[in-house]
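Here is a short note to read beside the model. Please keep the structure open while going through the points.

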Amino acid sequence: MTFTLSSTGFMDGDVLPEAQVKALGDASPQLSWSGAPEGTRSFAVTCYDPDAPTGSGFWHWTVANIPAVVTELAAGAGAADGSGLPQGAVQGRTDFGLPGFGGAAPPAGHGPHRYIFTVFAVDADRLDVTEDNSGAVFGFNLHFHTLAKASITATYENLG
C-alpha cells in the first residue's frame, strides 16, 4: 500500500487557500492520510516553505506524537493552544517564534512560495520534542525515526 496525504481544502499543486494565509485566515488545513507502513507507532506533520529568503527556509508548523490510530487532523487543528490536536500531540515553535500553525506570509513581490505539508510515519510512540523546539530539532528527531513520509504542496504569492 502507498502512504498518501490529502486535504479537502486543496490538491497537490493548487494555490493555497486564503484560510491558510497568515493575514487572511491563519488556520491549518484539514489533512488526512492513509497507507502507513507496518510498524508505525505515531505520526508527525510539518509545513515548510523552502522558498523563504532566509537561507534555511521557513517552518510554518511542526507537530509530533500524534497517536498511530489518528489518520486525520481537522481544519484549524493547529491552533496555538493545541486544543484541536489529539491528546499527547505536541506542536513545536514555528519560525514566527510561537507553537501552532503559522500561515503563509511571503514578502510582497518575492514571487510564489511553496508550502510543503508532510506527514511522517514514525517508529516510536513519542519523539523527544517540546513546544520550545524549532523545526530543525523536529527534523533531526524525525531523521532517525521516519518509516515513510507523504507530502502535498501548495503555492502562494503575496502580490502586495
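1. Basis. This is a predicted model, so to speak of local features requires pLDDT of at least 70, side-chain atom pairs count only at pLDDT 80 or more, and totals for chains, interfaces and linings use all residues. Residues are numbered from 1 along each chain as its sequence is written, and side-chain values use heavy atoms, without hydrogens and water.

2. Five-stranded sheet. The order is β6-β4-β3-β7-β8, open and antiparallel. Strands are DSSP runs of E, at least two residues, and helices are runs of H or I, at least four, numbered from the N terminus. Pairing needs at least two DSSP bridges between two strands. β6 and β8 are the edges; each has a single partner strand, so one side of each lacks a neighbour in the sheet.

3. β3 and β7 pair over seven bridges. T46 has T118 in β7 as its bridge partner.

4. Helix α1. Which residues of α1 (135–143) are buried? They are G135, F138, N141 and L142 (buried: under 20% relative accessible area; exposed: over 50%; partly exposed in between; 1.4 Å probe, protein chains only). A136, F140 and H143 are exposed on the face turned away.

5. Packing. The buried residues of α1 pack against β3, β4, β6, β7 and β8 (contact: heavy atoms within 4.5 Å).

6. Three-stranded sheet. β1-β2-β5 is open and antiparallel. β1 (4–6) and β5 (72–73) are the edge strands. β2 (31–34) pairs with β5 over two bridges. S32 stands opposite E72 in β5.
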